[in-house]
Each structure stands twice: as C-alpha cells, then as structure tokens.
Amino acid sequence: MLIDGHGRRVNYLRVSVTERCNFRCQYCMPEKPFSWVPTEKLLSFDDLFKFIKVAIDEGINKVRITGGEPLLREDLDRFIKLIHDYKPDIDLAITTNGYLLSNVAQKLKDAGLKRLNISLDSLKPAVAAQIAQKNVLSHVLEGIEKALELGLKVKINMVPLKGINDSEILDILEYARERNIQVRYIEYMENIHASSDIKGMHGKEILNIIKSRYTIKKIGRVSNSPSFNYEIVENGYIFGLIDPHKHDFCEDCNRIRLTAEGYLIPCLYFDEAQSIAEAVKANNIDRATTILKDVLANKPKENRWGNEEAENNSHRAFFETGG
Ligand code: SAM
Ligand code: SF4
C-alpha cells in the first residue's frame, strides 16, 4: 500500500502518453508550445509499462491514460492491452477529447478498456470551435455515440467558461442524462499557459444554474474521487462537480501523475517532479520504486487554486500533466 507524507493512501496513477494535441483549447493549450518534447525523449510504451508495473505492485489499482490527446499516440491499444493483461481487474480508463475515437473505440475495447471520460464543452458547433480553435463537434459527438454503442462506460467532462459556454450547462446536463451517462463540471484551473481572455466559473455559480431548473441534493465524493456528486431530486440523475478551489478538495487526494517523458508529478498545481526515465530504461526496478516512494513522501498537502493569499495561477501545463 502506498501512503504519502500526509497519511493519504495513493492508489491512482494518471499517465500522460503525449503532450501533443489536435485541439488548442483556450483553457489548456491555446497556442502550440514553443517546442514539443523531442520524440526521442518520450518514453516508449514498454518503458512506461515498466513503471506502471512497479506502481501496481506497490498498490496502484486505478490507471488513467491521458495527454495531450492520448489517441494521437500510435498503438495505444497495445499499451492498454499490456496494462490490462498484467492486472485485468485494474480500473483502467482513458480521458480523451473524442475527436479520433469513433475509428479506434473497438480496438481499445478489444484491448481491455472499459471506461472513458470524454471532454465536451459545448453542443453548438461554433462554440465548440471557439474553445478548441478547430471545427470539432461532429467528430466528438460521433466518438461518444460509438463508445456508447460498444457498451463502453462513458463520462462527460465540461469546463464552464463565463460568456462562452455558461449558457449550455443545462443543455450538456440534459444531453448526458438522456444517454444515461454522468457529466462532471470541472472548475477552470488558472494556469499561465491558458488564454488570458477566459474566465472560469466557480462551482457555486455552476450549481446555481442547475438549481434554476432542478432541486439538487448533495451526495459527496465517492471513494476519493475528485468529483463531488449531486443528485437531481426530480429524476434521480447524478452529476459531478470537480472543485479544486474548495478548501477541502485535497484532503483525500489519492493521485500521482506520470508524464510521457517520465516525470513523476505529485500534485497537478506544482512544478515539482522527479524523473523515472533512467531507472526504467536501465530496468532498475529498485530505483524506480525508491523514486516513487520519495515523490509520495514529498507530495504537497494541497494545491493553491483556492488560496487567495498565494498565487493561484499554476505554472504547470495541463497538456503535459494530463489534467
Ligand atoms: N485531451 C484530452 C481531453 O481534453 O479530454 C485529455 C487531456 S486534458 C488535459 C484532461 C482534462 O483536463 C480535460 O477534461 C480538460 O477539459 C481538462 N482541463 C484542461 N485544462 C484545464 C483547466 N485549465 N482547468 C480545468 N480543466 C482543464
Ligand atoms: Fe488538448 Fe485536452 Fe488540452 Fe484540449 S484539454 S488542448 S483537447 S489536451
């Protein structure tokens, strides 16, 4: 079992397989970065898998593949199969923008994938294009429908932004409810890479919009999930709110993150990281285990998004850490 320096049990590893992306979301990567990590510095799937095995052996039982856009990386199904075959009962999921999904969903399912979170910020083609800076909506919706048709478990992620997609909070809720899938509203997390023109919405503002139509009841966070769940009393539908600005958000944090270059990141907000690249390339499992434990021992107590006295603008790029 993995325990961090604040006594929290860590059982969830998020693995970013690429920082590259086919979207330019205003809140994440509005412009192509000055330079990408050179391809030769990216860890191969076999090297990433060596670390994932270490992490699983030490107590990780939930792995999420993310990015950048993970579906841009070739042979992702092979990577999923490696993880699935090593521990078939692991909770293995992907977060994707859905653009390339319809063509690969079957392969991913055959490899052992069961769950996907798909980002959907708008149901209006022009608004989706304004956020992603590309005409994306029809492909994303096709991807969602394909995943559902194959029986994959889907959740929708929406980042509400003032004056851009805030009028669609209820539309996205109804879209998800009609398909019996959960929507999770994510508070915009300020970061220096995002467009300076955008303004996020506080969780309370999001809830007030939902309350203008429905009565809602608090459920709470289910088993360390970052999502605080609510039930709509009128129809029993459950939606989630990811509210990193809330003071107790980090209390039960169970996550660490691995980048495509091999940096192990203890907290989404902070710059701190240690590389496991050399250890896995040299098959030095003891060294990889030591780094994992050291990173956990030094995991920060909490992020600074909710701290008005500190800088609430993270230097970390979401496209690098995988969100
Ligand atoms: N490209 C994939 C996608 O968009 O789903 C996976 C990577 S993306 C970094 C993972 C999640 O982070 C997405 O749901 C995205 O909406 C969210 N995200 C990115 N930047 C964010 C920010 N500044 N604040 C809140 N959520 C953000
Ligand atoms: Fe790409 Fe996802 Fe970031 Fe949008 S949120 S730019 S889709 S990595």
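Ala, Val, Leu, Ile, Met, Phe, Trp, Tyr, Cys and Pro count here as nonpolar, Asp, Glu, Lys and Arg as charged, and the others, Gly among them, as polar. The structure is a predicted model, in which local features need pLDDT of at least 70 and side-chain atom pairs count only at pLDDT 80 or more, whereas totals for chains, interfaces and linings use all residues. Residues are numbered from 1 along each chain as its sequence is written, and side-chain values use heavy atoms, with hydrogens and water left out.

**View 1. The second largest cavity and its lining.** On a 1 Å grid over the protein atoms alone, a cavity is a set of points where a 1.4 Å probe fits but cannot get out, and lining residues have an atom within 4 Å of a point.

**View 2. The largest pocket.** A pocket is an open set of points with protein on both sides within 12 Å along at least five of seven lines. The largest pocket holds about 390 Å³ of space and is lined by 21 residues, among which K62, K155, R184, V222 and S225 lie nearest its centre. Two or more lining residues come from each of the strands β1 (12–16), β2 (62–66), β4 (115–119), β5 (153–158), β6 (182–186) and β8 (227–232), strands being DSSP runs of E with at least two residues, and helices runs of H or I with at least four, numbered from the N terminus. By class, the lining has three nonpolar, ten polar and eight charged residues.

**View 3. Q182 in strand β6.** Q182 counts as buried because its relative accessibility is 17%, where buried means under 20% relative accessible area, exposed over 50% and partly exposed in between (1.4 Å probe, protein chains only). Leaving aside residues up to four places away in sequence, Q182 touches V154, K155, I156, S227, N229, Y237, I238, F239 and G240, contact meaning heavy atoms within 4.5 Å.

**View 4. Helix α1, residues 45–58.** The 14 residues of α1 reach 20 Å from the first C-alpha to the last, close to the 20 Å expected at 1.5 Å a residue, the expected span being 1.5 Å times one less than the number of residues. Ten of the 14 residues are buried, so α1 is largely enclosed by the rest of the structure; F45, L48, F49 and K50 are among them. Just after α1, G59 takes a positive phi of about 135°.

Note on methods:
Chains lettered and ligands numbered in written order. Points joined across faces, edges and corners; volume = space filled by probe spheres on them.
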